Amino acid sequence: MHRRPRLTTWLYMSPLHLLLLTILTMPSLYVLWLSLNESSYGTGLTWVGLDNYRAVFQDGYFWRAAINTFFVVNGVVYVELLLGLALATLFVSGVPFRGLMFACVLMPYAISEVVAVLVWKMMMDPSVGAIARSLESAGFGMLNWSASPAIGLTLVGVINIWTHLPFTFLMIYAGLLAIDPSLYEAAQIDGATRWQRFMRVTLPLLVPTLLITLIFRLIFAFRMFSEVWLLTKGGPARMSEVLAVYLYQHGFRYGDFGLASATGWMMVLGSLLLASVFLLAMQRSMRGA
Amino acid sequence: MRTTFSPIERVARGLFLAFMLVWSVGPILFIVMSSFKRQVDIFTYPPKLVFTPTIDNYLKLISQWQGFFNAMGSSLIVALGATVLAGAVSFLGGYAYSRYRSRLTSWTAVYMIAVRVLPPIVVTLPLFPVIDRLGLSDTHVVLILLYATFWVSLNTMIMKNFFDQVPYELDEAAYVDGASEWQLVSRILARLTLQGLAAGSIFVFVYAWNEYLFALIFTTNNAKTAPLILSELMGAVDGTEWGVLFAGVTLQLVPVVLLVTLARRYLIAGLTAGAVKG
């Protein structure tokens with residue numbers, strides 16, 4: 001039962017929309033304006049039209065950062081979905097000491113990116129790190145992530161998966177719990193094997209959950225900053241930058257707000273594009289129900 | 001539903017679970033254990049699991065790294081402030097979205113989620129000069145506003161779902177008894193939606209306690225939070241101070257790890273209400 005909004009309804013919504021408007025919406029739109037100007041840290045604007053965009057597109061470091069972002073985001077998100085699905089399925093079908101196990105698996109969710117980078121950096125230190133030395137003695141060679149952008153970004157991906165797997169796991173786990181158990185019983189009575197039940201009952205019903213989780217994680221991985229900045233500072237020679245680090249370097253290190261804003265506006269459009277699928281579905285359900 | 005597994009399946013499941021346990025808890029245990037080790041024991045290989053614990057690192061942290069405890073105080077102020085602000089705002093918003101509906105409210109709801117997807121780093125560019133001019137840089141207020149804003153969208157959806165579960169007949173009964181809308185919301189519905197408030201609050205608190213990017217850009221001195229200080233110490237420590245750094249990290253992570261593990265029920269409730277249904 002829903003009523004038509006009255007004046008007081010908007011009053012109840014006003015703190016929410018005031019915050020969003022002043023801190024998210026207006027600044028994000030203002031970035032578009034900043035990107036069409038040259039400025040000194042956002043003041044003293046001079047109109048330059050599309051020059052900033054031209055400069056961004058001609059900058060090899062931008063393309064490097066874009067390609068890095070693409071590979072890291074995709075690598076992270078799909079590995080995480082698979083691991084999350086496996087782990088959630090395991091938990092739903094029963095594990096010993098369930099509560100304790102659950103708490104353990106969730107723990108990394110509570111850890112700051114700063115701390116995550118710190119601990120993985122220590123464990124992967126080529127000369128003293130426990131994991132790095134085990135990998136070395138297992139024949140993987142010296143994994144020197146500070147010298148090789150590819151290894152550095154792989155480690156960034158591992159850290160990102162470590163911090164965000166609990167979220168992915170929880171989302172999929174909640175989705176699994178929402179599936180009606182009588183469907184499994186029916187399938188079992190019809191003689192379906194466990195694998196058939198998973199493929200024909202669980203997976204199709206889980207598709208909406210998996211899609212939402214995928215979109216959430218794509219959007220969140222797309223903005224990745226701390227892991228890269230704290231681990232490699234984008235180096236060596238700016239080869240391991242991602243888009244957010246590229247933006248930060250130009251905005252706050254090189255004082256080039258125009259270039260940074262152009263990058264920022266493209267990130268806004270990229271994020272909205274990723275989210276559009278979800279938003280369209282949501283708009284339909286809000287109106288329909 | 002009960003399923004039976006063959007011995008091979010059992011072994012495979014056990015191995016996978018064991019791997020996930022070591023993967024999740026191992027790094028955290030490594031930090032906590034190292035904080036109780038003497039410097040020479042921290043980097044021995046293979047790592048020592050049995051050692052004589054010492055609290056020297058903690059004593060050194062207290063006597064020499066006063067800045068760290070100021071930062072912990074900052075983190076607490078900022079995290080509590082953001083939690084309270086986001087809680088109040090999404091409580092009111094969730095009520096309105098649950099009880100009223102029109103074309104306009106449904107569009108503003110979509111807009112609310114749409115802005116949530118914008119990358120935080122993008123808004124730092126335009127906000128940087130504004131916050132500077134308002135004299136708000138390096139204050140707790142800036143961080144509280146930023147942290148709360150990035151969570152009000154999702155938390156409003158969570159609250160809306162919890163309000164939706166309270167039957168509308170209850171509202172009508174309250175109105176018949178002569179209650180005003182504000183009395184209904186603040187006295188009756190508030191009590192019935194506390195679970196949702198708790199669920200949302202955990203997300204905000206954990207985020208604000210751990211956040212790095214905004215703290216890096218908008219604090220320089222007074223309002224520095226614990227993660228920022230730790231990142232600076234991480235870059236600055238020379239060979240002899242690792243144990244002290246690990247002691248600081250342990251103090252930073254233990255409260256939230258406890259919060260998350262003890263309140264895991266609310267995390268699931270919140271995610272289900274905010275994301276899966278919303």
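Two residues are in contact if their C-beta atoms, placed from the backbone, lie within 7 Å. This is a predicted model: local features need pLDDT of at least 70, side-chain atom pairs count only at pLDDT 80 or more, and totals for chains, interfaces and linings use all residues. Residues are numbered from 1 along each chain as its sequence is written, while chains are lettered from A and ligands numbered from 1 in the order in which they are written.

**View 1. Where chain A meets chain B.** The contact takes 88 residues from chain A and 79 from chain B. On the chain A side, helix α1 (residues 7-35) gives the most, with 17 residues. Helices are DSSP runs of H or I, at least four residues long, numbered from the N terminus; strands are runs of E, at least two long. By class, the chain A side has 62 nonpolar, 18 polar and 8 charged residues. Nonpolar covers Ala, Val, Leu, Ile, Met, Phe, Trp, Tyr, Cys and Pro; charged covers Asp, Glu, Lys and Arg; the others, Gly among them, are polar.

**View 2. The helices of chain B.** Chain B has 14 helices and 0 strands. Its C-alpha atoms fill a box of roughly 75 × 65 × 35 Å, taken along the principal axes.

**View 3. Helices α4 and α12 of chain B.** Helix α4(B) (residues 66-99) packs against α12(B) (residues 226-236) at about 150°, with axes 7 Å apart. Axes are lines fitted to C-alpha atoms, for helices over the stretch in contact, and angles run from 0 to 180 degrees between N-to-C directions. So α4(B) is roughly antiparallel to α12(B); that term needs an angle over 145 degrees. From α4(B), B:Gly67, B:Phe68, B:Ala71, B:Met72 and B:Ser75 meet B:Ala226, B:Leu228 and B:Ile229 of α12(B). These residues divide into 6 nonpolar, 2 polar and no charged.

Notes. Parallel < 35°, antiparallel > 145°, perpendicular 65-115°, else oblique.
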